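This report looks at a structure of paired chains, taking a sheet, a helix and an interface in turn. Please read it alongside the sequence and the coordinates.

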Amino acid sequence: MRIQIDDDKCQGHARCYAISQELFDVDDYGQSSVRNGGAVPDGLVDKARLAIANCPEFAISEVPES
Amino acid sequence: MTRTEPVSDWTTDFEVLDESYVLDPFSRWDELRGTCPIASTDRRGRAWLPTTYEDVTALARDVARFSSIDTAVITTEVNPEDPQLPYGLPPITSDPPLHTWTRRLLLPWFSHAKVASYEPMTRQLCASLVDARLAEGRADAAADYAQQIPVRVIGAILGVPEQLSATFTGWVRDALEFADDPERRRRGNFGIGYYLWDRINERRDEEGEDLLSYLLHARVDGEPIDDMIILGMAMLTMIAGIDTTWSAIGSSLWHLATHDEDRERLVAEPGLMDTAVEELLRAYSPVTMARIVTEDVEFRGCPMRAGDKVLMNFPAANRDPAAFERADEVVLDRAENRHVAFGSGIHRCAGSNLARMELRVALEEWLAKVPTFHLADGAEVLWAGGQVRGPREMEVVFE
């Protein structure tokens, strides 16, 4: 699984960071980013899905398999 | 409680200060979602009240047509002879581009890392406030506890001495809670404004570690910031960080005082605190902000005219059954909770990290010392509503 953040949608609620600091980082301005290029280790898939489901801006999504 | 004219029809004559609405807005929103999801009123000019998650978030994101130039749920007429803040309280009462750079200056003060540094002080403060009431075995959980916390935390960030907490609490309440009393509102705004103006002037020569000093010495595109923008930003930090957060703490304690199962569960399973905090924020979102329509627009069939007010009813959006399962229940372990208690779009509350920390710590410290409590027999809970909803008097008894 791979996830991505739409920087234009992210408004810094930091819900993703609260759910998983292994998957997400957040800067001093609240902008979130994915770690490891968005690669989600198997053990963190549930947390990735929770982060997607809790973002109030719908800014996080799964990258479709190419 | 404010006295208002009786409402003839909630779809065309809503009144956010109506006593029944302040006490129970939830059933009114449910009713409106089924009949007229965007209500209107002509009291104090034309205003619109959306009640669904989809509408409220769509309106919040359309910043070009729905301006933040006046975010007051009820606007007080200004006396033209009074000194004015030409830029309002940026970034909250501004649109881009002023919004963008003023917000960027404030955000690092409320980053995760900064907020973590305020946590030990907050924890100590909360513990001492509970300790002070333990012997008595009862407290006004709103006035003696919730109301005492954010003013001191924000005061530390702004560089305001603790002895003035009660004065500030009074001013902030005057500024926000008494929409029908312009003189009282004026007193609150002037109290805060002149006090902060004096502190700003003190810091011109001497740079301190606080937010006021930082704003005063910051440069934007090589230029110092206009004094009136600094004052507006300082007033915003004071006003927005106090009434709102204590309302969230107070409403959460009200819920726990009146729902034994939830209280017992949270005490038994402290690991639920993170989801519980988000759920309490969702269910009892305190804050409604307004927008001003910039051009005539038909939104969901509603003929909104330039100058109309639209109330960003985030509290109602968070109770919308189309967006949340069991929307009217508090589910402490709700895993999926896309609530917008802190707004959505570019005006997302800049202090949301701080507010979350304060709410979590306030509940943890209270429950650690007072795991069992309920509303005092016969005590009436006094609620404030309008811009910010939360309990102002709430006598509870410890067991």
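## A three-stranded sheet in chain B

In this predicted model, chain B contains an open sheet of 3 strands, arranged in the order 4-14-11 and paired in the antiparallel sense. Strand 4 (138–140) and strand 11 (373–375) of chain B form the edges, each pairing on one side only, and the twist from one strand to the next averages 25 degrees.

The pairing between strand 11 of chain B and strand 14 of chain B, the latter covering residues 395–398, is antiparallel and runs over 3 bridges. Within this pairing, F373(B) is placed opposite F398(B), which belongs to strand 14 of chain B.

## Helix 15 of chain B

Helix 15 of chain B comprises 18 residues, 352–369, and spans 26 Å from its first C-alpha to its last, close to the 26 Å expected at 1.5 Å a residue. Of the 18 residues of helix 15 of chain B, 14 are buried, where buried means that 20 or more other C-beta atoms lie within 10 Å of a residue's own; helix 15 of chain B is therefore largely enclosed by the rest of the structure.

## The contact between chains A and B

Across the interface, 16 residues of chain A are in contact with 19 residues of chain B. On the side of chain A that touches chain B, helix 1 (15–19) and helix 2 (45–54) of chain A each supply at least two residues, and the largest share, 3 residues, comes from helix 2 of chain A. By residue class, this side of chain A divides into 9 nonpolar, 5 polar and 2 charged residues.

Terms used: Residues numbered from 1 in each chain as written. Chains lettered and ligands numbered in written order. Predicted model: local features only at pLDDT ≥ 70, side-chain atom pairs only at ≥ 80, totals over all residues. Contact = placed C-beta atoms within 7 Å. Helix = DSSP H or I, 4+ residues; strand = E, 2+ residues; numbered from the N terminus. Nonpolar A, V, L, I, M, F, W, Y, C, P; charged D, E, K, R; others polar. Pairing = 2+ DSSP bridges. Axes fitted to C-alpha atoms, helices over the stretch in contact; angles between N-to-C directions. Expected span 1.5 Å × (residues − 1). Buried ≥ 20, exposed ≤ 12 C-beta atoms within 10 Å, placed from the backbone.
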